[in-house]
Amino acid sequence: MPTPSLAALPIRRLTLRDLTACADLSEDRGWPREEHKWGLLLTAGKGFGIDDPEGGLVAACVVTEYGAWQRPDLGAIGMVLVAERHARRGVGRRLMRHVLSAMGSTPLTLHATPYGRPLYEELGFKVTGRAEMLMGRFTPSGPESSVATRAATAEDLPAILRLDEEVFGTDRTPLITRLPAFADQLRVAEADGRLIGYTAAWPNMDTHVVGPLIARDTETAKALIASLAARTERPLRTDIDVRHEELLAWAKERGLASVAFNSVMTYGVKDLPGDWTRRFAPLTVAAG
């Protein structure tokens, strides 16, 4: 039988059963396999993919929805990948158009690499910001922070969810409630008995990714990062909004080096909701 054309291959919803195929697709494009992250995204979000008749996936992406059930306020698009053997043949554009149609009038956001940005601009996404990826072994220096941090407990979850919604601008309960099982560390910062920040460190290959990172101010963000670093032997990796210049300089002075920049883009909304001054880093750029 003749092999069907790429344009004729159906786009379907992905499930957790597709995790290995998604990881294989990442590896095919020179990305880390990131099974742990794929597992979170495929359960907390909606995966879309195209099957290759010869096995595996032609393409895949994930959309994580935030807000009320069935009535999301925002959708974050991530992990947009096309197999190398099918690249530059319009597959990514077709998959993205399908996602835009499926999401209807819901505002969307994504983090674009320099390679992917032209396609997203063609589809109507606008650049609204930038994030800088840092990675390296954190070396503490200077006086110890006066901001109190501790390991989060189950009793902290309602306060974490309230703070997260206030800062992010929409409800992320399905994602944030998965953090205790997903992350190796979940820590909070307090002042006068009130939660003023939280962060997590989750395993990704040989690193610990710092995110989300939400904090009252830069000093609180520093204390949270330092508290995570003190409890891991792995290098840290994080993606910090470039407007947080002081935090970026502080992290670089302590061993984290700049790896890449991604453009933060939106579709259907001029800017992201919430308070960017307290939103320092996402859980992962794939989830906005």
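Which residue lies over the face of Phe168? In this predicted model, Arg172 takes that position, at 3.9 Å from the ring centre. A second contact of this kind involves Arg13, whose charged end sits over the ring of Phe48, 6.0 Å from the centre of that ring.

Tyr66 belongs to strand β3 (residues 57-68) and Phe168 to helix α5 (residues 157-168), so the pair links distant parts of the chain, 102 residues apart. Tyr66 and Phe168 are both buried.

Another pair is formed by Phe182 and Trp202, with ring centres 5.0 Å apart and planes at 40°, and is therefore tilted. Since Phe182 is part of helix α7 (residues 179-182) and Trp202 part of strand β9 (residues 194-204), this pair ties together parts that are 20 residues apart in sequence. Both Phe182 and Trp202 are buried.

The largest pocket holds about 1200 Å³ of space. It is lined by 47 residues, of which Trp31, Val80, Leu81, Thr113 and Tyr115 are the closest to its centre. Strand β4 (residues 71-82) supplies the largest share of this lining, with six residues. By residue class, the lining consists of 27 nonpolar, eleven polar and nine charged residues.

Terms used:
Residues numbered from 1 in each chain as written. Predicted model: local features only at pLDDT ≥ 70, side-chain atom pairs only at ≥ 80, totals over all residues. Heavy atoms only, no water. 1 Å grid on protein atoms, 1.4 Å probe; cavity = no way out; pocket = protein on both sides within 12 Å on 5 of 7 lines; lining within 4 Å. Points joined across faces, edges and corners; volume = space filled by probe spheres on them. Helix = DSSP H or I, 4+ residues; strand = E, 2+ residues; numbered from the N terminus. Nonpolar A, V, L, I, M, F, W, Y, C, P; charged D, E, K, R; others polar. Buried < 20%, exposed > 50% of the residue type's maximum accessible area, 1.4 Å probe, protein only. Phe/Tyr/Trp six-rings, centres within 6.5 Å; stacked < 30°, edge-to-face > 60°. Lys NZ or Arg CZ within 6 Å of the ring centre and 35° of its normal.
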